[in-house]
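Please read the following alongside the sequence and the coordinates.

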Amino acid sequence: MVKGKLLCIIACFMTISFGADYTTSVSSLYIEGNQKVVGRLLPTVKVDIIEKVGDKFKISFEGYIQDGAENAIYFVPNKRILVAGITKNAKFDYEVIETITDKDKVWKKIKTTFITDQKEFTKDVNTLYKKADEMYSNNCSICHALHNKKEFNANQWPSVVNSMLSRTAISKEDSYILIQYLQKHAKDM
Ligand code: HEC
């Protein structure tokens with residue numbers, strides 16, 4: 001009995017400490033050993049934390065890219081849900097996990113490693129989604145009825161939110177979380 005409990009505690013601890021981490025805000029990306037910002041990592045992105053490097057973290061994450069447009073790393077093929085945007089001409093290494101064809105377009109699923117100044121990660125992406133959902137219902141139903149999340153597809157949500165943002169108290173920083181949340185719960189997801 002006691003042994004069972006102990007095993008359970010160990011198992012739970014391992015799940016918590018080795019489970020996936022998610023980014024909680026938009027952050028900068030760097031190549032190891034260089035102080036220059038080479039990209040931006042979006043919130044609600046699943047990452048593996050490799051190690052702490054000074055006051056930053058070395059992380060790896062996955063996403064989809066297309067040949068000739070490697071600087072935009074997407075959550076899924078053929079939908080403009082950004083995982084990270086890398087500065088044009090910045091050379092970065094990645095490992096190709098698989099190559100797929102979707103809607104006649106060739107996409108590479110990649111895994112890449114960067115340094116990030118992200119301060120806080122969460123094990124539970126749903127706490128972020130809950131925060132975003134509250135932000136959405138509190139701010140976007142003041143002047144008109146709240147629009148259904150399924151009313152727009154993933155590619156439409158960024159421009160809808162951006163066109164309304166100046167009418168709300170939502171900060172630019174928080175708008176990234178809101179956009180990711182709405183895109184990942186859109187009509188076509
Ligand atoms: C200060 C008032 C106000 C707030 C706050 C507001 N809206 Fe609007 N919204 C409007 C008005 C007015 C319209 C009518 C069209 C226009 O003026 O652009 C509109 C139209 C819309 C439409 C319809 C656009 C279309 O093309 O059919 C959507 C969707 C929308 N808002 C979403 C949002 C979202 C999401 C938020 C929160 C981020 C939000 N609104 C916050 C005033 C507001």
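**Core, strands, helix and loop**

The largest nonpolar core has 34 residues, and those with the most contacts inside it are L42, V45, V83, A84, L178, I179 and L182. A nonpolar core is a set of buried Ala, Val, Leu, Ile, Met, Phe, Trp, Tyr and Cys residues joined through C-beta atoms within 7 Å. A residue is buried if 20 or more other C-beta atoms lie within 10 Å of its own, exposed if 12 or fewer, and partly exposed in between, with C-beta atoms placed from the backbone. At least two residues of this core come from each of β3, β5 (56-65), β7, β9 (105-116), α2, α3 and α4. The most is given by α4, with six residues. Domain 1 (20-121) and domain 2 (124-184) each supply at least three residues of this core; the domain bounds come from an automatic or database assignment.

The model is predicted: local features need pLDDT of at least 70 and side-chain atom pairs count only at pLDDT 80 or more, whereas totals for chains, interfaces and linings use all residues. Residues are numbered from 1 along each chain as its sequence is written. Helices (H or I, at least four residues) and strands (E, at least two) are DSSP runs, numbered from the N terminus.

Strand β3 (residues 37-41) runs antiparallel to β2 (residues 27-30), joined to it by four bridges; strands count as paired if DSSP finds at least two bridges between them. Within this pair, S28 has R40 as its bridge partner. The two strands form a hairpin with six residues between them, and G33 in the turn has a positive phi of about 85 degrees. Three bridges also join β3 to β7 (residues 82-86), again antiparallel, with L41 opposite A84. V83 touches L42, V45, F61, G63, I73, Y74 and F75, residues up to four places away in sequence being left out; contact requires C-beta atoms, placed from the backbone, within 7 Å.

Helix α4 (residues 172-184) has 13 residues and reaches 19 Å from first to last C-alpha, close to the expected 18 Å, which is 1.5 Å times one less than the number of residues. Its buried residues are Y176, I177, L178, I179, Q180, Y181, L182 and Q183. Their cover includes α2 (125-139) and α3 (157-164).

F152 lies in the loop between α2 and α3. Is F152 buried or partly exposed? F152 is partly exposed because 19 other C-beta atoms lie within 10 Å. Beyond its neighbours within four places in sequence, F152 contacts W157, V160, A186 and K187. F152 and D188, 36 residues apart in sequence, are 8.1 Å apart C-alpha to C-alpha.

Note on methods. Two residues are in contact if their C-beta atoms, placed from the backbone, lie within 7 Å.
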